[in-house]
Amino acid sequence: MIHDSFSDWVEACVLRLRKSHPTWHRLDGWDAGGNREVVGRFRYQDHVWVVHGDTRFDPTLRAYEAIRNGHFPDQFVVERTRSRTKSRWCLNLRPELRNMQRPKHFYIYEQG
């Protein structure tokens with residue numbers, strides 16, 4: 001299913017998942033390792049974006065709260081990925097919302 005917005009996806013999936021699994025740090029429940037399994041899709045700026053399972057709850061819910069509180073109507077920055085094999089677009093949180101650490105723990109890519 002493709003949700004109409006990031007907020008719609010969070011409300012339909014992430015909040016329920018967080019309530020069911022309060023000890024999880026990531027959407028897939030894993031403790032470590034990459035996971036490119038798609039756990040959600042939503043529309044943003046006329047594109048469809050996919051969320052990978054290794055995305056963490058913290059940055060996801062930080063972006064959601066910023067939207068709900070009206071602080072940042074445009075909470076994302078569209079950036080090029082750092083991949084050496086193929087270049088594509090990803091979403092990152094606005095600098096005001098993100099923890100500047102790497103890895104960013106927020107893995108959302110334009111659906112190809």
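Author: What follows is a short exchange about the sheet, a helix and a pocket of this predicted model.

Reader: What makes β1 and β2 a pair, and in which sense do they run?

Author: Two strands pair if at least two bridges are found between them, and β1 and β2 (residues 47–52) are joined over six bridges in the antiparallel sense, so they count as a pair by that rule. One of the contributing positions is R41, whose bridge partner in β2 is V50.

Reader: Why are β1 and β3 called edge strands?

Author: The open sheet has five strands in the order β1-β2-β5-β4-β3, with antiparallel pairing, and β1 (38–44) and β3 (76–80) each pair on one side only. Neighbouring strands of this sheet are turned by 35° against each other on average, direction ignored.

Reader: How do you know that helix α1 packs on the sheet, and which strands are involved?

Author: Contact requires heavy atoms within 4.5 Å, and helix α1 (residues 6–20) touches β1, β2, β3 and β5 (108–110), while its direction makes about 145° with that of β1.

Reader: What makes a residue part of the lining of the second largest pocket, and how many residues line that pocket?

Author: A lining residue has an atom within 4 Å of a pocket point, and 14 residues line the second largest pocket, of which R56, D58, P59, R62 and H105 lie nearest its centre. The pocket holds about 180 Å³ of space, and α2 supplies the largest share of its lining, four residues. By class, this lining has four nonpolar, five polar and five charged residues.

Key: Residues are numbered from 1 along each chain as its sequence is written. This is a predicted model: local features need pLDDT of at least 70, side-chain atom pairs count only at pLDDT 80 or more; totals for chains, interfaces and linings use all residues. Side-chain values use heavy atoms; hydrogens and water are left out. Helices (H or I, at least four residues) and strands (E, at least two) are DSSP runs, numbered from the N terminus. Axes are lines fitted to C-alpha atoms, for helices over the stretch in contact, and angles run from 0 to 180 degrees between N-to-C directions. On a 1 Å grid over the protein atoms alone, a cavity is a set of points where a 1.4 Å probe fits but cannot get out, and a pocket is an open set with protein on both sides within 12 Å along at least five of seven lines; lining residues have an atom within 4 Å of a point. Grid points are joined across faces, edges and corners, and a volume is the space filled by probe spheres set on the points. Ala, Val, Leu, Ile, Met, Phe, Trp, Tyr, Cys and Pro count as nonpolar, Asp, Glu, Lys and Arg as charged, and the others, Gly among them, as polar.
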